[in-house]
Each structure stands twice: as structure tokens, then as C-alpha cells.
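Here's a quick briefing to read alongside the structure. Keep the viewer open and follow along, one topic at a time.

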Amino acid sequence: MLFVRPSSPPPCLAAPPPPLTRPCPARRLLPCVAVAAATGQRGRRRGDDDYHATIRSLNSRGRHTPRKSLGQVRTRSARRKDNDRPVLGPFEVLIRLVSSPLFAQNYMLNSSVNEELVRVAGVGEGDVVLEIGPGTGSLTNVLIDAGATVVAIEKDPHMATLVQERFRSTDQLMVLQEDFTKCHIHSHLSSLLEKNRKESSPTYAKVVSNLPFNISTEVVKQLLPMGDVFSDVVLLLQDEAASRLADCSLRTPEYRPINIFVKFYSDPAYIIKVERTNFFPQPNVDAAIIRFRLKRSAEYPLVASSKSFFSMVNSAFNGKRKMLRKSLQHICPSVEIEAALITIGQPVTARPEELTMDDDL
């Protein structure tokens with residue numbers, strides 16, 4: 001077990017930031033704060049979420065650098081018994097640890113970010129929350145503290161076991177060692193939600209997750225059409241992806257079929273930016289919190305078939321630089337497309353990125 005405490009930490013590292021209680025304006029920057037060392041007080045969950053607890057969790061089942069290199073890590077406050085062994089501070093320790101090829105995820109070091117995710121989702125007593133990729137369990141801990149029953153889906157068997165062992169004393173956690181993109185969410189949540197209905201508790205689940213950046217779009221596509229199960233989806237995504245999903249202007253290269261998909265199934269909102277330096281290992285990009293309020297099926301735009309509608313949208317964007325009367329002529333004659341464009345007040349030369357979702361309908 002490795003503890004690294006600087007003797008005189010600079011002010012920005014001396015303590016975790018206070019919980020955020022006020023609504024956050026869009027695109028506000030959440031500052032980088034490395035959470036301070038555990039206080040050693042018993043009975044407090046907060047200490048489990050700090051910088052050292054993350055390292056302890058990752059080291060606990062073999063995800064660490066070789067013992068020889070760890071043996072050279074010492075605090076600046078420790079006395080040096082010889083002049084040959086280096087004395088490293090906490091960030092040097094992080095760099096040494098992250099050099100291990102076993103690290104493939106970005107773990108959250110700042111407990112205030114986890115608290116903000118839970119606050120934005122409005123998680124309270126009795127809520128059923130789906131967490132995708134719990135990692136070391138830092139967000140899981142905040143969710144349980146808020147009174148939620150957490151269903152955590154973890155693909156990595158090592159991390160699934162770690163989270164199970166960490167929370168073995170609570171009955172508020174169910175860990176499923178599965179690939180989220182292949183699991184059956186309805187079957188896993190149905191019994192919990194049915195129990196809530198009988199007890200007059202919340203009848204819709206919520207999703208709160210710090211997602212791996214490389215699967216975020218795939219996960220969003222799977223979650224948003226599930227308004228019959230979830231009321232809110234709150235995710236920590238790559239900042240650029242969150243900005244694009246929440247608010248993408250017409251007539252820009254970033255306007256894509258996914259934007260129409262998101263608007264069809266939800267009301268998205270960009271909440272707050274999170275600097276990359278809050279993660280371990282540090283990614284090359286910043287992150288952001290985004291919230292999707294899912295629509296019920298009765299609130300979906302009126303289309304004959306959602307499958308046919310999105311097939312048409314994808315066809316239109318496959319020839320994005322082409323006029324719609326050209327890119328969709330395999331669906332219906334050009335004259336009919338031109339007539340439809342005139343009906344909605346668009347020129348017959350319109351391109352897909354120039355139309356809103358209502359225009360597409």
C-alpha cells in the first residue's frame with residue numbers, strides 16, 4: 001500500500017474543493033484540484049474518493065508498477081537515508097504509476113466532479129441508477145451515499161471484482177461483469193423498478209457514468225431510445241463530443257445525423273467543463289458533463305417509422321455536400337423532394353446540414 005503526502009502542499013492541493021451546490025452555467029470550467037490525502041478518520045466515505053484511495057484501489061489487485069520502482073518512491077517529508085534514492089512528490093508518483101501498460105482507463109481523482117454528476121442527475125433516496133464502467137468505485141460511492149441502489153456494469157473482470165469487494169458490506173450495489181453494448185438492460189432493471197412501483201418510489205431509473213471516451217457515441221445511441229426505462233442520463237464525456245451533442249449549429253461540419261438522433265429522443269444540456277488534469281492517467285483532451293432528459297414515446301416526433309426516418313437521415317448525410325434532391329433520389333423522385341422543400345420554406349438546392357429536425361420530419 002502506497003501513501004504519498006507532500007510536507008507542504010501548495011494551496012491548490014491542500015484540500016478537495018467544497019461541494020458544488022448551485023446550478024452550473026453552461027461551459028463553466030471546473031478547476032483542476034487533486035484531492036488531498038485521506039484524513040484517517042473512520043466512518044467517513046469521503047476519504048475513499050481521494051487521490052491515494054484511487055492508487056490503493058488500482059494497486060490492490062496487481063495494477064501497479066514493479067515493486068522495485070515503487071520501492072524508490074518516497075515523500076518529500078521523509079528523511080533521506082542516502083543520497084542515491086530519489087524523493088518523489090505525488091505527481092511524480094502518478095507519472096511513474098501511469099507508465100504501466102495495464103492502465104487503459106482514465107480514473108477520476110476529484111471527488112467534487114463525482115458529486116456534481118450526482119447533483120445534476122438529481123439522485124436521491126430510493127433512486128435506481130445505472131453506472132457504466134465503475135472503475136475503482138469512486139462515483140459508485142457518491143451514488144450510494146446519496147441513497148441510490150446502483151447497478152454497475154463493468155466489462156473488466158478485475159475491476160468488477162474490485163468494486164464488489166469494496167462495497168461488500170452494502171446491499172445497495174449490484175455488479176454485473178458484462179459488456180454494456182451487449183447486455184439486456186431491461187431484464188436487469190425490471191425487478192428493481194417493479195419493487196419501486198409497489199413502494200411508491202421513483203419508477204424510472206437514471207444513468208450516471210464517467211464513460212471511456214472511445215465508446216461514448218455508441219453508448220449514447222443505445223441509451224437515448226430507452227425513455228421507457230430511464231428519465232435522465234448524465235455522462236462525463238470528451239468535451240468536444242459533449243459540445244457537439246448538446247448544441248451543434250446548422251450549416252457547420254459538426255452537424256451530423258447523431259444531432260438529429262439526440263434531439264429526437266431527448267433534451268440535451270451541456271452542464272460544465274472538466275479539465276483533463278482531474279483524471280489519472282491524464283488524457284489528451286478535456287471532459288464535460290452533459291445531461292439528457294429522455295422523452296417518453298408519446299413525446300417523440302410523429303413519424304411513420306423511426307427506423308425509416310433515420311435511414312432517410314443517414315442517406316441524406318452520406319452525400320453531405322450534395323443537394324437533397326440528389327442524395328435522396330433513390331428514395332423518391334427529385335420533383336417530389338423539391339416540392340417538399342418548398343413546402344417547408346427551404347430552397348430546392350438545400351443540403352442536409354441546412355435543415356433542422358423539424359424540417360426533416
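Let's start with Gly 133, which sits in the loop between β3 and α5. Keep in mind that this is a predicted model.

**Gly 133 and the UniProt positions**
- Leaving out residues up to four places away in sequence, Gly 133 touches Ile 153, Glu 154 and Asn 210.
- UniProt, in an unreviewed entry, puts the feature "binding site" at Asn 106, Met 108, Gly 133, Glu 154, Asp 179 and Asn 210.
- The side chain of Asp 179 makes a polar contact with the side chain of Thr 181, at 2.8 Å.

- How many of the residues of strand β3 (residues 128-132) are buried? The count is 5 of the 5, so the strand is largely enclosed by the rest of the structure.
- Val 128, Leu 130 and Ile 132 point one way from β3, while Val 129 and Glu 131 point the other way, and all are buried.
- Strand β4 (residues 149-153) runs parallel to β3, and 5 bridges join the two.
- Across that pairing, Val 129 stands opposite Val 150 in β4.
- β3 is also joined to strand β6 (residues 205-210), by 2 bridges, and these strands run parallel too.
- Here Leu 130 has Val 207 in β6 as its bridge partner.
- Follow the chain from β3 through helix α5 (residues 138-145) to β4 and you've traced a right-handed β-α-β unit.

**Helix α6**
- In α6 (residues 157-166), the buried residues include His 158, Met 159, Ala 160, Leu 162 and Val 163.
- A handy rule for looking at any α-helix: there are 3.6 residues a turn, so residues three or four places apart point the same way.

**Aromatic pairs**
- The structure holds 11 aromatic pairs.
- One of them is Phe 261 with Phe 310, a tilted pair with 5.4 Å centre to centre and 50° between the planes.
- Why does this pair tie together parts that are 49 residues apart in sequence? Phe 261 lies in helix α10 (residues 257-265) and Phe 310 in helix α11 (residues 306-318), so the pair links those parts.
- Phe 261 has a relative accessible area of 13%, and the cut-off for buried is under 20%, so Phe 261 is buried.
- Phe 310 comes in at 12% relative accessibility, so it counts as buried as well.
- Phe 264 and Tyr 265 have ring centres 4.8 Å apart and planes at 65°, so that pair is edge-to-face.
- Are Phe 264 and Tyr 265 buried or exposed? Both are buried.
- Put together, Phe 261, Phe 264, Tyr 265, Tyr 300, Phe 309 and Phe 310 form one aromatic cluster.

**Asn 259 in helix α10**
- Asn 259 is in helix α10, and at 4% relative accessibility it counts as buried.
- The side chain of Asn 259 reaches the backbone oxygen of Arg 244, at 2.6 Å.
- Not counting residues up to four places away in sequence, Asn 259 touches Arg 244, Leu 245, Cys 248 and Glu 254.

Technical notes: Residues are numbered from 1 along each chain as its sequence is written. This is a predicted model: local features need pLDDT of at least 70, side-chain atom pairs count only at pLDDT 80 or more; totals for chains, interfaces and linings use all residues. Side-chain values use heavy atoms; hydrogens and water are left out. Buried means under 20% relative accessible area, exposed over 50%, partly exposed in between (1.4 Å probe, protein chains only). Helices (H or I, at least four residues) and strands (E, at least two) are DSSP runs, numbered from the N terminus. Two strands pair if DSSP finds at least two bridges between them. A crossover is right-handed if, with the strands pointing away from the viewer, the path from the first strand over the helix to the second runs clockwise. UniProt positions are given in the numbering used here, feature names are shortened, and annotations may be inferred rather than shown by experiment. Contact means heavy atoms within 4.5 Å. A polar contact is a pair of N or O atoms within 3.5 Å; within protein, one must be able to donate a hydrogen and the other to accept it, and residues adjacent in sequence count only if both atoms are side-chain atoms. Rings of Phe, Tyr and Trp (its six-membered ring) pair if their centres lie within 6.5 Å; planes under 30 degrees apart count as stacked, over 60 as edge-to-face and the rest as tilted.
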